[in-house]
Amino acid sequence: MTNRIWIPPLLLLLLAAPAVRADEDADLAEDLKARRQKVLAAIGEEGVLVLRSRPPARFSNDVDYPFREDNDLHYLTGLNQPNTVLLMSGRPIGSLGHAVIFTATSRGAGSSLGNPLPTRAEVAAQSGLAEPAILGTQELEATFRKALGVRGKGSKLPAGRVLHYNTMQAAREGVAENDPVQAIAMELQKDRSSGRRVRPARRILAPLRTIKSPYEIACIRKAIHATAVGLDAAMRAIRPGQFEYEVDALITYHCRRLGCEGMAFPCIVGSGPNSCQPHYTLNRRCIENGELVVIDVGGDYRHYAADITRTVPANGEFTPRQRSVYELVLRAQEAAIEVVKPGAAAGEPDRVARRLLGEGLVALGLARNTREAMRYCPHGFSHPLGMDVHDVPVRTLAPGMVVTIEPGVYLREEDLGIRIEDDVLVTAQGREVLSSAVPKTVEAIEALMATGRGAESARR
Ligand SMILES: [Mn+2]
């Protein structure tokens, strides 16, 4: 009987109307202009910056696997097209202006069996560049040489000119040495007079990406909402005898259903001994009675990640032992969240959680001193969140940054791993816990899981 089931507020959130994608496109277009302005200011008149797509993660005959654009390139173009290059220059490149996109475009109705190519007009509209600044990749070499002021082979970078390009990364990812950009960058790098003026482009992008705009925060909220709905469903569904991949599938289903392109990272669903493997993603094991299940998941909404962890008892009730360790981790997590505020050192939440966990583990008799207790805490307890799950590192917290707070304790001898992770926005006043809709006290988790079991017995 469904009317006997308590419906928590999260389910009501699920029914809320999604934001209109056209609005999000317009907000992104505004952001793109501002971001490119900031890049131009950062590279100065003598700077030239190149970003390129990364290769698709998977290949097979005749299959277009899901493609996810390089974060920095997407940050400045809004595009999601393979084999795309963005060239920016402090001095205008002839009549093309300060920014040019090189990508394959369609001339009309395509004959390809796969995903249709966008038209030049579509690329222009998405990126906010004028149509003449959208070129095919065959024009890349000449335009790049022109922007750099490097004519033929062996000619040097003009005095003062700086190239911002991730040469090493491109080489690692298999960009051929005869690729025009790669070849020129490598040649300049070997040259004594210009070598030091070829610098990684990510150094220009990193500081811009640390502070999130209202559009970016809205995307992170959407990713978190979808993930929260998935976690809510998972907590109701989990029971002994279920496989870890069933939990993974349920959460992935809700993220996709709510508009996420996919998951920001492979779902971590670790039961029993796997709860002690912080980055376990095989998700093949059968969940057994009496175990804990660590669920660390996050949807990817328009290139922005969520990253939320909950640890729940397989049978819906914590044992006294599990409860005592769980409540220690929860206290540490809540104390760490409290110190998130503008001006705080980014490492402060980690220090606070570590101190409390150390003391608590000593009190539980698991270690003789707080230093020894750290063998149960093998990973960092906080990281910035954004386009990358582990986003660009920061030193001092400032409004508009988003960080995770995720202390964990792993008692391998007892197959007892616990991690609790929330996503926290730094605000002018202090903080907002963006993932607060997902239950995390022992009482709230047990109540929600009891709801799921009630529904099951009602169906029988
Ligand atoms: Mn995390």
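The tour goes from the whole chain to single residues.

**Whole chain**

Start with everything selected, and keep in mind that this is a predicted model. The cartoon shows 14 helices and 18 strands in the protein chain. The radius of gyration is 25 Å, close to the 23 Å that the globule rule gives for 460 residues, so the chain is as compact as a globular protein of that length. Along the principal axes, the C-alpha atoms fill a box of roughly 75 × 55 × 45 Å.

Of the 460 residues, 52% count as buried. Among contacts with a separation of 6 or more, 68% are between residues 24 or more positions apart.

Colour by charge next. There are 57 positive and 54 negative side chains, and the centres of the two sets lie 5 Å apart.

**Helix 7**

Select residues 180-190, which form helix 7. Which of its residues are buried? They are Val181, Gln182, Ile184, Ala185 and Leu188. An α-helix has 3.6 residues a turn, so residues three or four places apart point the same way. Show the neighbours of this buried set: strand 1 (47-52), helix 5 (140-148), strand 5 (162-164), helix 6 (167-172) and strand 6 (198-199) pack against it.

**Arg209**

Move to helix 8 (residues 202-210) and pick Arg209. Is Arg209 buried or exposed? Its relative accessibility is 5%, so Arg209 counts as buried, the cut-off being under 20%. Display the side chain of Asp388 as well: a polar contact of 3.0 Å joins it to the side chain of Arg209. Leaving aside residues up to four places away in sequence, Arg209 also touches others, including Asn71, Asp72, Tyr75 and Met387.

**Two loop residues with positive phi**

Select Asp62, in the loop between strand 1 and helix 3 (71-77). Asp62 has a positive phi of about 65° although it is not a glycine. This residue is exposed, at a relative accessible area of 84%.

Finish at Asn283, in the loop between strand 8 (268-271) and strand 9 (292-297). Phi of Asn283 is near 50°, again a positive value in a residue other than glycine. Asn283 is buried, with a relative accessible area of 2%.

Key
Residues numbered from 1 in each chain as written. Predicted model: local features only at pLDDT ≥ 70, side-chain atom pairs only at ≥ 80, totals over all residues. Heavy atoms only, no water. Helix = DSSP H or I, 4+ residues; strand = E, 2+ residues; numbered from the N terminus. Rg over C-alpha atoms; globule rule 2.2 N^0.38 Å. Buried < 20%, exposed > 50% of the residue type's maximum accessible area, 1.4 Å probe, protein only. Contact = heavy atoms within 4.5 Å. Lys, Arg positive; Asp, Glu negative; His and termini not counted. Charge placed at Lys NZ, Arg CZ, Asp CG, Glu CD. Polar contact = N/O pair within 3.5 Å; in protein donor to acceptor, adjacent residues only side chain to side chain.
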